[in-house]
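User: I have a model open and would like to talk through how its inside is packed. Could you take my questions one at a time?

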Amino acid sequence: MTIRNICCIGAGYVGGPTCSIIALKCPLIKVTVVDKSKERIAQWNSDKLPIYEPGLDQVVKMSRGKNLFFSTDIHTAIKEADLIFISVNTPTKTFGNGRGRAADLKYVESAARMIAEIATGDKIVVEKSTVPVRAAESIMNILRANHKPGVSYQILSNPEFLAEGTAIEDLLCADRVLIGGEDSIEGHAAMEELCKVYEHWIPREHILTMNTWSSELSKLAANAFLAQRISSINSLSAVCEATGADVSEVARAVDLDSRIGSKFLHASVGFGGSCFQKDILNLVYMCECLNLPEVAAYWQQVIDMNEYQKSRYSAKKIESLFNTVTDKRISMLEFAFKKNTGDTRESPAIHVAKTLLDEGAMLHIYDPKSRTSGTSSSTRRSATGSLPCSCGVCKASPTVP
């Protein structure tokens, strides 16, 4: 199979930027990003994209309408595609077995069932969402259970390693691209076809092929290691404050060790975003299911330290204001979980804001890139935006004083 037509199910933080870069670098491949949300697709087709990412506007405008398309016509896109990315949300379960830790695969399952219902001919189906190990097996079981004559599938795992705020750079200059598949003639052939797509701009030596389950676990492992570094330096920041040491000087001394390096060694309020906590909780749950309680407890401590850091920071702010913030006006500059993004999911600022509100403070929140700007008090209000705010602090009326 020569890939001439790619479909991506899911027009979010992963699917949109990834497929925009593929379209830019592979002008002979038609790339269609589909989503059930008419509002989101309309935004991708407008001058105001649904997400903020440095450089994304320019990339989209260079390819949109040529070989990059955003559509709600999922049926046609799947039917025409040679390769289908599944790039849907995999939130943490909020009910049932594994609640609060396990990944909820209902959207992945729904995408697989749509593919099984619509697809004709040979298809390469690629996991792009962050999923638990052996999720590819579940997708294959769904496709095989709904098998139709003349249709064949190869399931690949191709985890994303994007950091919000640097996603375009991460895609263009990837440290590595992981592709996992079955150890069979057909599996290797499918992996080779996906390799050819990335080879348009990624050196072949940076494209690693492996078995499907190693690829799936590699994504969880990478995020767990990065989050672990953040919790490690944050734990030392508490020691520094108690002893008079300077955490920035300690971090600098540590990062000069060539075995360690400087990345993710900046003490802060704690990590946030949609990935780190979700993926570590998923890893914890998987370890418990595999009867590895000591391993589960080890990674759980990374989460516990992150929560401790947020609580410690909030307490110190209140202490610095004479132990009371009731009716005091406090400004929060920036609300997203990190710079160069508008994403407020799991932002440490949410914890701080809720704590200050519970103590009676009047908050003035400003972030030029996030969907939350305005004044929050006992009557919580949020700014109008292209999408509903996900922070949990601002609710109700879409008005700003």
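User: Leaving aside neighbours within four places in sequence, which residues is Leu194 in contact with?

Analyst: This is a predicted model, in which local features need pLDDT of at least 70 and side-chain atom pairs count only at pLDDT 80 or more, while totals for chains, interfaces and linings use all residues. Residues are numbered from 1 along each chain as its sequence is written, and side-chain values use heavy atoms, with hydrogens and water left out. With those neighbours set aside, Leu194 is in contact with Ile3, Leu83, Phe85, Val126, Leu156, Asn158 and Ile179, where contact means heavy atoms within 4.5 Å.

User: And which residues have the most contacts inside the largest nonpolar core?

Analyst: Those are Ile6, Phe85, Ile179 and Leu194, in a core of 43 residues. The largest share of this core, 6 residues, comes from helix H8, residues 185-198. A second, separate core of 29 residues includes Ile9, Ile86, Ile118 and Met140. A nonpolar core here is a set of buried Ala, Val, Leu, Ile, Met, Phe, Trp, Tyr and Cys residues joined through side-chain atoms within 4.5 Å; buried means under 20% relative accessible area, exposed over 50%, and partly exposed in between, with a 1.4 Å probe and protein chains only. Helices (H or I, at least four residues) and strands (E, at least two) are DSSP runs, numbered from the N terminus.

User: Switching to H5, which of its residues are buried, and what covers them?

Analyst: The buried residues of H5 are Val108, Ala111, Ala112, Met114, Ile115, Ala116 and Ile118. Their cover includes strands E1 (5-9), E4 (83-86), E5 (121-127) and E6 (151-157), together with helices H4 (74-80) and H6 (135-145).

User: How far does H12 reach from its first C-alpha to its last?

Analyst: Helix H12, residues 293-320, has 28 residues and reaches 40 Å, close to the 40 Å expected at 1.5 Å a residue; the expected span is 1.5 Å times one less than the number of residues. H12 is followed by Phe322, whose phi is positive, near 65 degrees.

User: What does Leu220 touch, not counting residues up to four places away in sequence?

Analyst: Leu220, which is found in helix H9, touches Thr130, Val131, Asp279, Asn282 and Met286. Leu220 is buried, with a relative accessible area of 0%. Leu220 and Phe276 are 56 residues apart in sequence and 8.6 Å apart in space, C-alpha to C-alpha.

User: Last topic: how many cavities of 30 Å³ or more does a search of the whole structure find, and which residues line the largest?

Analyst: The search finds 1 such cavity, and about 40 Å³ of space lies in the largest cavity. Its lining is formed by Glu127, Ser129, Thr130, Val131, Ser157, Asn158, Pro159, Glu216 and Lys219. On a 1 Å grid over the protein atoms alone, a cavity is a set of points where a 1.4 Å probe fits but cannot get out, and lining residues have an atom within 4 Å of a point; grid points are joined across faces, edges and corners, and a volume is the space filled by probe spheres set on the points.

Terms used:
On a 1 Å grid over the protein atoms alone, a cavity is a set of points where a 1.4 Å probe fits but cannot get out, and a pocket is an open set with protein on both sides within 12 Å along at least five of seven lines; lining residues have an atom within 4 Å of a point.
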